[in-house]
Amino acid sequence: MGVRVAVAGASGYAGGELLRIVAGHPEMEPGPLTAAAHAGTPVTESHPHLAQLDGHTFEPLDPARLSSADLVFLALPHEESAAVGAALPAGVPVVDLSASFRLGDPQAWSAYYRTPHAGQWCYGLPELPGARERIAGARRVAAPGCYATAAILALAPLLAVGLADPGDIVIVAASGTSGAGRSPSAALLATEVMGAVSAYQAGGTHRHTPEIEQALRAAMLPGGSAPPPGGQAPGTRGPKPPGGPGPHDSVMAPWPGGGPVVSLTPMLAPMPRGILATCTARLREPGTSTRALREALAAAYDGEPFVRLLPEGRWPTTAAANGSNMAYLQAAADPHAGRAVVVAALDNLGKGAAGQAVQAANLMLGLPETAGLSAQGVAP
């Protein structure tokens with residue numbers, strides 16, 4: 001008998017990827033698999049590629065039933081995830097794939113989500129300094145967002161050693177359509193998506209913005225420790241203006257002492273899965289070389305099983321990461337603009353969601369961190 005894991009929201013894309021990984025995991029086996037809208041239907045009706053789960057049926061969402069497992073994955077919208085997370089017994093290990101418990105500052109949460117702040121759990125990006133120890137000792141872990149994972153892996157090492165200016169960060173990132181979830185939408189019809197790349201939630205409105213700023217701020221602190229919950233929100237000054245309805249109402253400004261300020265422009269690309277993020281920041285010192293940037297990244301990720309710095313001159317492609325838990329990085333100094341450029345590619349359902357959640361769960365359960373996870377992509 002392996003470790004029984006429950007998956008709430010198992011009929012979605014991230015939930016399906018969790019099931020795929022769990023089905024092939026040497027130490028895990030599926031426990032309760034809930035999907036409120038699909039309760040009573042076979043798992044393989046939503047996920048026909050998971051032949052090993054033939055005979056399993058989706059159940060109604062019931063926190064008491066979920067808590068019978070040894071570990072629970074929550075792959076739910078953030079409103080539902082917050083409620084279910086609060087209802088689960090404190091002794092049950094939980095990894096949440098939603099945004100519900102990522103942010104420490106209630107003001108940052110309310111500016112981007114407009115629902116009550118549910119609190120902050122341990123942030124589940126193992127490659128950050130000191131994160132593995134914190135994750136291994138936690139009973140509640142918030143898995144990072146997909147855009148956030150790409151941007152943080154790309155930029156954190158440069159900020160940590162002072163090569164880049166945290167007050168001038170620009171990220172342009174393209175995601176596959178699975179990042180929008182499985183709910184039907186006219187904007188995601190093949191007719192609308194194929195042959196088109198489109199920007200969305202530009203101008204500082206994307207919800208991963210404060211998450212990226214929070215994690216980069218933590219990477220700049222000694223030992224990579226996170227700012228205390230309730231501290232000033234990343235990139236904000238004071239309360240939002242009364243009556244303001246959206247993220248634009250927060251007044252963006254550098255952290256005291258020159259902390260992170262991020263401008264994120266996400267794009268929808270005509271592909272099912274993958275993220276390609278071009279992350280740039282102003283160089284602190286003119287003349288900083290590509291070699292210096294690459295050395296900082298190499299030092300940070302030397303020996304990491306799921307982060308690879310590509311040989312100089314080779315740039316990341318989403319195709320290489322598809323189906324894997326890998327993140328690929330490449331860096332170059334742009335002397336003309338005086339900026340560091342780091343490009344990251346990963347699978348938004350793998351290292352950007354389900355794979356990363358399993359990586360954290362392995363640490364929480366005392367299992368080998370790489371168990372059940374592949375560094376090899378799928379091609380073509």
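How many nonpolar, polar and charged residues does the lining of the largest pocket have? By class, this lining has 23 nonpolar, 22 polar and five charged residues, where Ala, Val, Leu, Ile, Met, Phe, Trp, Tyr, Cys and Pro count as nonpolar, Asp, Glu, Lys and Arg as charged, and the others, Gly among them, as polar. The model is a predicted one, in which local features need pLDDT of at least 70 and side-chain atom pairs count only at pLDDT 80 or more, while totals for chains, interfaces and linings use all residues. Residues are numbered from 1 along each chain as its sequence is written, and side-chain values use heavy atoms, with hydrogens and water left out.

The largest pocket holds about 1,500 Å³ of space, and of the 50 residues that line it, L76, P77, G179, A180 and G181 lie nearest its centre. A pocket here is an open set of points on a 1 Å grid over the protein atoms alone, where a 1.4 Å probe fits, with protein on both sides within 12 Å along at least five of seven lines, and lining residues have an atom within 4 Å of a point; the volume is the space filled by probe spheres set on the points, which are joined across faces, edges and corners. At least two residues of the lining come from each of helix 1 (13-23), helix 4 (78-87), helix 7 (146-160) and helix 12 (350-365). Helices (H or I, at least four residues) and strands (E, at least two) are DSSP runs, numbered from the N terminus.

Helix 5, residues 106-113, has A108, W109, A111, Y112 and Y113 as its buried residues, buried meaning under 20% relative accessible area, exposed over 50% and partly exposed in between (1.4 Å probe, protein chains only). Helix 4 and helix 9 (208-220) are included in what covers them. At the start of helix 5, a side-chain oxygen of D105 comes within 2.7 Å of the backbone nitrogen of Q107, and just after the helix, R114 takes a positive phi of about 60°.

In the loop between strand 4 and helix 5 lies S98, which counts as buried at 5% relative accessibility. The side chain of S98 makes polar contacts with the side chains of D96, at 2.8 Å, and of S100, at 2.9 Å; such a contact is a pair of N or O atoms within 3.5 Å, of which, within protein, one must be able to donate a hydrogen and the other to accept it, and residues adjacent in sequence count only if both atoms are side-chain atoms. Beyond its neighbours within four places in sequence, S98 is in contact (heavy atoms within 4.5 Å) with L74, L76, P77, H78, S81 and A143.

Another loop, between strand 5 (122-123) and helix 6 (131-136), contains E127, which is buried with a relative accessible area of 8%. The side chains of E127 and Q359 are joined by a polar contact of 3.2 Å. Not counting residues up to four places away in sequence, E127 also touches others, among them R132, L153 and Y301.

Finally, H38, in the loop between strand 2 (28-34) and helix 2 (43-46), is partly exposed, with a relative accessible area of 31%.
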